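Dear colleague,

I am handing over the structure that we spoke of, and you will find it just below. After it I set out what was found, beginning with a contact between chains and then taking the chains in turn.

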Amino acid sequence: MKLLAKYWWIILLLFIALYPPTLGGMSPYRAGVLIFVGIYVILAVSLDLLMGYTGQISVGHAAFFAIGAYVSGILTVKCGVSPLLAMLAGMGLSAAVAWAMGRPVLALKEYYLAMATLALNEIIVTLIIGLQWLTGGASGLRDVPSFSIIGFSFDNQIHYYYLVWAIVALVVASSIVVARSSFGRTLIAIHSDETAAKTFGIDCAAYKVRVYVLSAIFASIAGSLFAHHMGFLAPDDFSVFTSINILVMLYLGGIGTIYGPALGAVFLKLLPEVTLQFQDYEMLMNGVILIIILVFVPKGLFGIVTGIKNRFVTRGAG
Amino acid sequence: MKKIFLVIALVVALSLLIGTSSTLLAQAKQPYKIGFIVPLTGYLSWLGEYMKRGAEVQVEMINKAGGVNGRPLELVTYDDQSSPETATRHAQRLISGDKVVAIMGTGTAVVSGAVSSVANKSKVPAVIQSGYALSEKETFTFNNAHPTDFAISRPMMYFQKRGINQIALLMPIGPLGELGSGIARKHAPSFKITILGEEKFDVKAPDVTTQLAKLRTLNPQAIMAFTTGEPAALLARNMAQMGMNIPLVVSHGNATPGFLKLVAQTPTMVIVPSGKIMAVETLADKDPVKKVVVEFNKAYQAKYGEPGNYYSGQQADAVSLIAEGLKVTKSDDPVKLRDAIENTKGFAGNNGVYNMSPTDHQGTRMEDMILLTVKDGKWAVLE
Amino acid sequence: MGDFSHLVQFLFSGLTSGSVYALMAVSLVIVYKVSLLICFAQGEFFVVGALTMVTLVSKGLPMPVAFALSVLVAMVLGALVERVLIRPIQHTGVGNLIVMTIAISLALRGSALLIWGKESHILAPFSAGKPIAVLGATLQPQVLWIMGITILVLLVIWLFFEKTTLGVAMRACAENQLGASLMGISTQKAAILSWAWGAGIGALAGMTVAPLLFMQYGSGVMPMVKGFVAMSIGGLASIAGAVIAGFLLGIVEAYTIGLISSQFSDTIVFAILIIVLFIRPSGLFATTGRREV
């Protein structure tokens with residue numbers, strides 16, 4: 001039994017790998033849904049690095065999601081660049097923006113930090129709309145090709161599913177590594193008591209910016225994967241409301257646990273599959289289900305699964 | 001330990017539910033399934049409601065008359081919440097999960113774009129209605145709404161007759177505004193109209209008198225604002241507040257009872273392009289549209305206590321077009337259905353007489369549109 | 001009708017939008033002050049108040065009665081929400097609570113959709129009258145109502161929290177829960193009251209602003225977002241600051257649209273917001289040295 005508990009992640013990986021041919025019935029639709037799930041897992045995990053470990057609230061993470069998506073979209077559609085290179089370009093731009101905005105934004109406190117990230121999100125979206133000649137504006141960018149690596153094109157949903165989840169696994173694994181490394185411990189120290197950390201000679205601002213850049217890069221990857229999956233991009237999918245959705249995933253799953261937000265993303269993205277039958281009642285049902293979970297499982301879905309140790313160390317974002 | 005399995009069980013259960021069909025009808029004959037993606041919640045939910053009603057009335061009418069090829073039609077309806085991502089998921093679900101023979105609906109250009117992308121990749125016909133401008137590559141998409149070109153040219157024709165040749169544009173930030181602006185500039189010269197200036201506005205803004213004040217300094221004879229619903233009504237209200245007694249042309253999306261209520265008390269002269277369904281009494285008996293509209297209105301009135309409106313009628317047309325195509329193909333093959341719809345000729349619907357072709361996936365003509373205005377709190381035909 | 005009049009119109013336009021943002025910001029700051037929570041459900045109390053009033057007026061009730069009743073309904077709703085949904089999780093951390101308010105706002109919006117449908121509704125202005133014309137520019141009288149009611153709210157709130165025992169007790173609860181309960185103040189009662197107050201003021205904002213706009217179940221979202229922006233400009237601690245910030249936001253928006261660009265006005269305004277935050281990280285009106293939560 002103990003062995004099972006220790007290597008539960010192997011079971012999970014097996015489940016993910018075997019899903020399409022078994023429960024998924026090789027259905028491109030089911031693979032498609034899980035591709036969206038995977039993309040949001042990356043987003044949620046990237047935000048958790050920022051919020052869960054450093055306590056920096058971001059209500060504008062979709063900004064980097066958008067940068068990745070639109071850089072991939074524009075470069076592949078208008079300049080014929082290979083999707084892989086376009087994704088790297090998106091990561092570069094996101095990193096640059098996060099690095100440039102990082103210090104001043106992260107110096108703000110709590111609510112004001114949140115508003116600054118919201119403003120950044122809005123600026124990116126309004127720029128996307130305003131620069132119509134480049135981005136297709138509010139009407140959207142069409143004909144984004146499927147992702148491809150050196151000639152192999154991921155037209156098939158099932159192939160793309162494996163690619164996306166391989167990347168998800170990489171992102172989650174690297175996030176865990178970062179969280180448990182000395183870098184991660186430093187972040188937690190900064191979060192717990194920044195003044196004390198400073199007396200130890202830690203350059204808090206630099207650490208915060210580094211994590212911001214990393215989370216931006218991951219979000220950008222998610223954006224690129226999203227662009228090639230949708231084939232069509234519109235600014236509507238990158239608004240502050242998307243950012244807030246990602247935030248909700250964090251708290252639903254259990255902030256600061258990496259796995260928790262991943263679980264939160266899975267839940268929040270699969271929930272509509274069930275509630276969509278209720279049409280007009282869908283909004284109310286989603287709200288009620290969320291409320292029920294938040295009341296009965298306030299530590300998040302992952303809190304059911306694991307001990308309290310992690311939660312004690314990270315005080316959440318407030 | 002047990003709790004881990006609980007969570008895993010939850011995830012497995014949820015993943016199993018993906019793709020399960022939400023309709024539980026047990027029909028004696030296998031129905032033709034038509035996917036319907038509509039904004040039931042979100043800022044366009046009022047529009048989605050009209051679309052849903054129109055589609056359901058038409059499906060009921062057809063099924064009552066025996067269905068198509070002896071088989072009933074069945075709508076599989078999902079809410080797109082006006083989100084392109086949600087619509088994409090639904091389109092994928094409809095095609096691989098519910099195995100529909102065609103998709104219809106969407107109410108806004110960006111959602112249409114998302115659905116069209118999926119439909120063309122999967123080679124399933126999509127009959128959408130919105131301002132979405134089709135490109136040649138989208139061989140599986142049809143747009144049976146009156147094209148934006150007509151909605152803009154028709155009022156310009158009216159302006160030309162009345163000697164109005166200097167107008168200003170006040171366009172919403174968003175796809176409608178981008179469409180409206182581009183097409184207005186494209187057609188203005190052919191009607192000898194000069195566009196003096198253009199301003200943009202946020203559809204959620206509480207007040208647009210700033211933009212109106214800016215435009216007023218140019219002395220336009222009319223304002224064209226390709227916007228729908230609350231923002232259009234706000235424009236009318238603000239113009240009345242500022243004493244601007246010039247006509248305001250809005251989008252054809254406003255030919256609905258809901259919009260009428262919003263502007264009934266506003267003195268501004270609002271011009272709404274529309275389909276003939278909104279003015280049945282003025283139609284000549286020999287107009288093939290009249291028969292269709294009268295029948296549709298009767299059924300709609302019976303169910304909802306009010307006559308059909310522009311959007312419901314348009315959605316009903318989508319159902320009819322698909323049904324006609326199925327009558328021809330007599331099969332469940334989506335590609336054959338696409339070919340059949342593409343060859344629709346002389347088919348009378350609420351929106352006009354449809355003539356499709358491989359190069360024309362919209363099918364209507366400018367003559368199918370009329371201009372409405374509001375008088376004494378009711379619709380009146382301008383021309 | 002030379003250059004001057006449209007510049008004045010920009011001001012009036014700014015005051016109109018600004019009045020909406022200001023009143024909303026006031027309700028958000030008040031809620032924050034009594035419960036230390038950023039409440040995302042305020043937009044829904046805003047809508048519920050307005051739509052309830054629309055319904056009551058359509059049933060023939062005189063406006064002032066409908067007004068008072070709607071505030072009451074909202075207050076009861078707020079109290080219920082606190083008792084049933086917030087109380088069980090009140091000790092789970094601010095982040096969780098904020099996300100709960102997000103879930104509540106979703107549920108409330110979904111309910112409003114079912115109750116009032118998808119159509120937009122109109123509420124008549126509080127006083128019939130022609131637009132006020134000054135120097136060739138016009139302003140709707142309702143804006144003056146909004147300003148007046150905002151000032152009234154400020155006065156009442158100040159009086160309540162400074163001069164009444166109950167008010168002082170509630171402030172004590174907000175600033176130091178343990179200390180307050182040690183002094184015999186019922187923190188449970190204070191919590192319910194603060195939610196009732198917050199909802200009531202949110203509803204009041206909605207009703208007062210409704211005649212300027214059109215109301216449907218989703219109409220609370222935009223004012224709330226603008227209210228949050230105004231709150232961050234004015235500083236979380238200051239109610240008067242929220243009012244000034246709200247009007248400032250509206251006026252800056254209007255002049256940006258009018259003088260610079262209507263396409264990029266949002267981009268510019270948000271850029272200005274970020275710059276303001278960099279320069280004055282606790283808002284324009286925060287007292288320095290005071291540690292924000």
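Between chain C and chain A, the contact brings together 39 residues of chain C and 35 residues of chain A, and please keep in mind while reading that this is a predicted model. On the side of chain C that touches chain A, the elements that give two or more residues are helix H4 (94-116), helix H9 (221-234) and helix H11 (265-279) of chain C. The most comes from H4(C), which gives 15 residues to that side. Sorted by class, the side of chain C that touches chain A holds 26 nonpolar, 10 polar and 3 charged residues.

Chain A also meets chain B, in a contact that takes 38 residues from chain B and 39 residues from chain A. Here the elements of chain B that give two or more residues to the side touching chain A are helix H1 (2-17), strand E2 (73-79), helix H3 (84-97), helix H4 (109-122) and helix H6 (175-187). By class, that side of chain B has 17 nonpolar, 13 polar and 8 charged residues.

Turning to chain C by itself, you will find 11 helices and 2 strands, and read from the N terminus the elements follow the order α-α-α-α-β-β-α-α-α-α-α-α-α. The radius of gyration of chain C is 19 Å, close to the 19 Å that the globule rule gives for 293 residues, so chain C is as compact as a globular protein of that length. Its C-alpha trace spans about 65 × 50 × 35 Å along the principal axes. Of the 293 residues in chain C, 57% are buried, and among the contacts in this chain with a separation of 6 or more, 76% are between residues 24 or more positions apart.

C:Glu82 lies in helix H3 (residues 63-86) of chain C. Is C:Glu82 buried or exposed? The cut-off for a buried residue is 20 or more other C-beta atoms within 10 Å of its own, and because C:Glu82 has 21 other C-beta atoms within 10 Å, C:Glu82 counts as buried. Leaving aside the neighbours within four places in sequence, C:Glu82 is in contact with C:Arg87, C:Ala191, C:Ile192 and C:Trp195. By contrast, C:Ala124 is 42 residues from C:Glu82 along the chain, and the C-alpha atoms of these two residues are separated by 32 Å.

Chain B has 12 helices and 14 strands. The radius of gyration of chain B is 22 Å, close to the 21 Å given by the globule rule for 383 residues, so chain B is as compact as a globular protein of that length. The C-alpha trace of chain B spans about 70 × 65 × 40 Å along its principal axes, and 59% of the 383 residues count as buried. Among contacts in chain B between residues at least 6 apart in sequence, 67% join residues at least 24 apart.

Within chain B, an open sheet is formed by 7 strands in the order E7-E6-E8-E9-E10-E13-E14, with mixed pairing. Its edge strands are E7 (194-201) and E14 (378-381) of chain B, each of which pairs on one side only. E14(B) pairs in the antiparallel sense with strand E13 (residues 369-375) of chain B over 4 bridges, and B:Leu372 has B:Val381 in E14(B) as its bridge partner. Helix H5 (residues 148-161) of chain B packs on this sheet, touching E6 (166-172), E8 (222-224), E9 (248-249), E10 (270-275) and E13 of chain B, and the direction of the helix makes about 70° with that of E13(B). Helix H7 (residues 209-216) of chain B lies across E6, E7 and E8 of chain B and runs at about 165° to E7(B).

Elsewhere in chain B, please look at strand E3 (residues 102-105), which is covered on both faces, with B:Ala102 and B:Met104 on one side and B:Ile103 and B:Gly105 on the other, all of them buried. E3(B) runs parallel to strand E1 (residues 32-38) of chain B, joined by 4 bridges, and B:Ile34 stands opposite B:Ala102. E3(B) also runs parallel to strand E4 (residues 126-128) of chain B, joined by 3 bridges, with B:Ile103 opposite B:Ala126. Together, E3(B), H4(B) and E4(B) make a right-handed β-α-β unit.

With kind regards

Note on methods: Residues are numbered from 1 along each chain as its sequence is written. Chains are lettered from A and ligands numbered from 1 in the order in which they are written. This is a predicted model: local features need pLDDT of at least 70, side-chain atom pairs count only at pLDDT 80 or more; totals for chains, interfaces and linings use all residues. Two residues are in contact if their C-beta atoms, placed from the backbone, lie within 7 Å. Ala, Val, Leu, Ile, Met, Phe, Trp, Tyr, Cys and Pro count as nonpolar, Asp, Glu, Lys and Arg as charged, and the others, Gly among them, as polar. A residue is buried if 20 or more other C-beta atoms lie within 10 Å of its own, exposed if 12 or fewer, and partly exposed in between; C-beta atoms are placed from the backbone. Two strands pair if DSSP finds at least two bridges between them. Axes are lines fitted to C-alpha atoms, for helices over the stretch in contact, and angles run from 0 to 180 degrees between N-to-C directions. A crossover is right-handed if, with the strands pointing away from the viewer, the path from the first strand over the helix to the second runs clockwise. The radius of gyration is taken over C-alpha atoms; the globule rule is 2.2 Å times the number of residues to the power 0.38.
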